[in-house]
Amino acid sequence: MANTSTRTLRLLSLLQTHRYWPGAELADRLAVSVRTLRRDIDRLRELGYPVEAQRGVDGGYQLAAGAALPPLVIDDDEAVALALGLHTAAEGAVEGIAESSVRVLAKVVQVMPTRLRRRVEALRAMTVPAGWGTPAPTGVDPGVLTTLALTCRDSEQLRFVYTPADGRRTDRHVEPHRLVRLERRWYLVAYDLTRQDWRSFRVDRLTVPQGTGAPFRPRTLPAADAAEFVRAGIGNLPRPYRVAALVDAPAATVRERIGRWATVEEVDAEHCRVRMTTDSLDWPALALGALGTEFRVLEPAELVDRLRDWAARFDRAVRADSQPRG
């Protein structure tokens, strides 16, 4: 039997990851008697965790919402994900919470064991955020990301299996350079040793990455940075929409806000032309609307239709909000 402190933490972890536990099953998981389980539940309550009990033959336990936030028990991958999410928020991706995110991030990193802190720092240092506050996709394994980040940071050759859009699996041997977040996806920028050229790889199509232990001397990337390299590669792919809009704002102002993923051309001191290619019209609509200035869509006609649809829905929302509530 584990000691009381270890067992209590294990109990808390189980309660946090499962909505409801039958008492007998929970006691079996902890390898204790039902009586000992009840004592452990009481100990959690004393520490401020609101554990609800259902009595009877089929009785059990569940963790309820409390009046204050007690400490949480999270596993390694969850700790890394939490720290990276806080770091993104601290960079100002979400308005109004940057300062709080910095404070929480400092607390989390301070108590992290060295092995986890190394993973977080590698991901932070080796990631180039190329999107406009765009979150990483949920389908990417954090273990894969940290493996890639560590090999990038340590200049260690990497092997993995890659499956592109045509479905043909290939073994790759590369010198990893940087991770890039762009358009809701993760990309690995690396020098392909077999093809003797630079490549970008979608991380969600990459499996079983393994560092080889072989060091390498970093090469010069043929682009301003890794994000620019990925954008150039994506720009060469066929896209269904080419967007152009005339914006009533100086080019420098528009570049500062959305220039990382759009081309901004100066028309005169007070106007500019914005161009982008995309596989979705929602993102250009959001970006142009967020500029906070007048604009006119030059192409495509489908974007005008999309904006009309958004305008109608926003108008209905405003009208509904203005109705008196009974």
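Two residues are in contact when they have heavy atoms within 4.5 Å of each other. Keep that in mind for the stops ahead.

**Before you start**

You're looking at a predicted model, where local features need pLDDT of at least 70, side-chain atom pairs count only at pLDDT 80 or more, and totals for chains, interfaces and linings use all residues. Residues are numbered from 1 along each chain as its sequence is written, and side-chain values use heavy atoms, with hydrogens and water left out.

**The whole chain**

Show the cartoon first. The protein chain has 11 helices and 13 strands; these are DSSP runs numbered from the N terminus, with helices being H or I of at least four residues and strands being E of at least two. Of the 326 residues, 36% are buried. Buried means under 20% relative accessible area, exposed means over 50%, and partly exposed is in between (1.4 Å probe, protein chains only).

**Stop 1: Ser155**

Select Ser155, in the loop between helix H7 (142-154) and strand S5 (156-162). Is Ser155 buried or exposed? Ser155 is buried, at 15% relative accessible area. Leaving aside residues up to four places away in sequence, Ser155 touches Ala214, Pro215, Phe216 and Pro218.

**Stop 2: Leu288**

Next, select Leu288 in helix H10 (residues 282-290). Leu288 is buried too, with a relative accessible area of 1%. Which residues does Leu288 touch, not counting residues up to four places away in sequence? Show Ala245, Val247, Phe295 and Leu303. Then try the distance tool on Val254: its C-alpha atom is 9.6 Å from that of Leu288, and the two residues are 34 apart along the chain.

**Stop 3: salt bridges**

A salt bridge here is a side-chain nitrogen of Lys or Arg within 4 Å of a carboxyl oxygen of Asp or Glu. How many salt bridges does a search of the whole structure find? The search finds 15.

- Pick Arg195 and Asp192, whose side chains meet at 3.3 Å, N to O. Arg195 is partly exposed at 34% relative accessibility, while Asp192 is buried at 0%.
- Move to Arg231 and Glu228, with a salt bridge at 3.1 Å, N to O. Both sit in helix H8 (residues 226-235), and because they are 3 residues apart there, about one helical turn separates them. Arg231 is partly exposed at 21%, and Glu228 is partly exposed at 34%.
- Then show Glu265 and Arg273, which meet in a salt bridge at 3.7 Å, N to O. Glu265 is partly exposed at 29%, and Arg273 is partly exposed at 25%.
- Also select Arg7, Asp40 and Arg43, which salt bridges with shared partners join into one network.

**Stop 4: a charged patch**

Zoom in on Arg55, in the loop between strand S2 (51-54) and strand S3 (60-63). Arg55 is exposed, with a relative accessible area of 80%.
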